[in-house]
Amino acid sequence: MAAMLLAGCQTVLPRGATEPGRRPPPPRQQPTQVEPGIPTDTARHRVALLVPLSGPNAGVGQSLANATQMALLDSNNQRIRITTYDTNLGAAAAAQKAIADGNRLILGPLLGDDVRAVTPIAHRAAVPVVAFSNDASAAGQGAYLMGYAPTQSIARVVDYAKAQGITSFAGLVPNGTYGERASTAFLRSVESAGGQVVSLQTYQRAPGSITAAITRMGKDSPYQAILIADSANTASAAVPVIRRIGTSSAHVLGTELWNSESSMANKPSLNGAWFASVSNGLYRQYAAKYRARFGAAPFRLSSLGYDAVLLTIRISADWTVGTPFPERRLSDSGGFAGIDGAFRFGKDGVAERALEVQEIRGGTAVTVSPAPRGFE
């Protein structure tokens, strides 16, 4: 309105007097200047969420996006603005667009390869990346990983087994990247606990392969516990074979993969098995609220999105709008708290988590060793 009034005051009349009864021509309205991208926001922190919203992982990505919005609503936070970008259209392109739009922090991506594509772009712009991957090789150069690391889960369950008097271990691990990391973590954990690995066998995810691996294992020394570094479905199929041609009394150990399988506790062959994971106490409350709000159950990984927003809110108290995100705060040795319990980022940028040990008992998972509430 002020611009229009000002333009009216500056209108120049044609030469000579205005004819009686004729009004002067209306002033020309100046065109509105439209800036490209998202409008400047001087009251809120600009945060980007990079997740797949199309393609094969769209369900997980949408669940993560919903979780971040839930966290903002639940906390009644008015100082953070989250804009979502689809990594299925290209993670590098999504990061470039997010940075061009003025975002000072990136939450996501989900996949390790996408983290590797995004990190150099974000690093050059001094924008930290808090990703949802558990691929430790993707951490560093300003990329921090919140994903559940199998190495920590294996170390926790091995320590618990050792505390129960178990000293001899065997392991079944699939071929591939996950199996290689699980093997290394298993060997180191058992050695650190003062135990011994008497047999470690690999297998292909193909019919008959795991049975052949168990047969080879049967020729080795007896073992008190056996780690099956795979899904609960695979483990439940392997245990009867172990009981028949392996060590029938061996205690079964699982990994963090089991915590994402809702039908895990209903597999009779896994009764008495131990596995370590984040606590599900607060997650159950979160899942109930999520279902009520969005009309569907969340993906288990979606809690990472919720906790990433809680972390951002905590740090934002010392973060001036329009300035770079204070990355040094991510290295707080006291850690952070969220739906999945306490966690903190190590020097390698991977989240160290406080894990509990659960036992499958009578169709349910019972906590036998609670997670620590924090870090010393």
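**Pockets and a helix crossing**

Author: This is a predicted model. The lining of the second largest pocket holds eight nonpolar, four polar and two charged residues.

Reader: How many residues line the second largest pocket, and what is its volume?

Author: Among the lining residues, Ser-279, Gly-341, Ala-342, Pro-372 and Arg-373 lie nearest the centre of the second largest pocket. Helix 9, strand 11 (336–338) and strand 12 (341–345) each give two or more residues to this lining. The lining has 14 residues, and the space in the pocket is about 290 Å³.

Reader: Which element gives the most to the lining of the largest pocket?

Author: The largest pocket has a volume of about 1100 Å³, and Asn-259, Ser-260, Glu-261, Arg-300 and Leu-301 are the closest to its centre among 42 lining residues. By class, that lining divides into 18 nonpolar, 14 polar and 10 charged residues. Two or more residues come from each of helix 4 (112–124), helix 5 (150–163), helix 9 (281–294) and strand 15 (364–369). With four residues, the one that gives the most is helix 9.

Reader: Is the crossing of helix 7 and helix 8 left-handed or right-handed?

Author: The axes of helix 7 (residues 209–217) and helix 8 (residues 232–245) come within 10 Å and cross at roughly 35 degrees. Ile-210, Thr-211, Ile-214 and Thr-215 of helix 7 meet Thr-234, Ala-238, Val-241, Ile-242 and Ile-245 of helix 8. This contact has six nonpolar, three polar and no charged residues. The crossing of helix 7 and helix 8 is right-handed.

Key. Residues numbered from 1 in each chain as written. Predicted model: local features only at pLDDT ≥ 70, side-chain atom pairs only at ≥ 80, totals over all residues. Heavy atoms only, no water. 1 Å grid on protein atoms, 1.4 Å probe; cavity = no way out; pocket = protein on both sides within 12 Å on 5 of 7 lines; lining within 4 Å. Points joined across faces, edges and corners; volume = space filled by probe spheres on them. Nonpolar A, V, L, I, M, F, W, Y, C, P; charged D, E, K, R; others polar. Axes fitted to C-alpha atoms, helices over the stretch in contact; angles between N-to-C directions. Left-handed = near helix turned anticlockwise from the far one by under 90°. Contact = heavy atoms within 4.5 Å.
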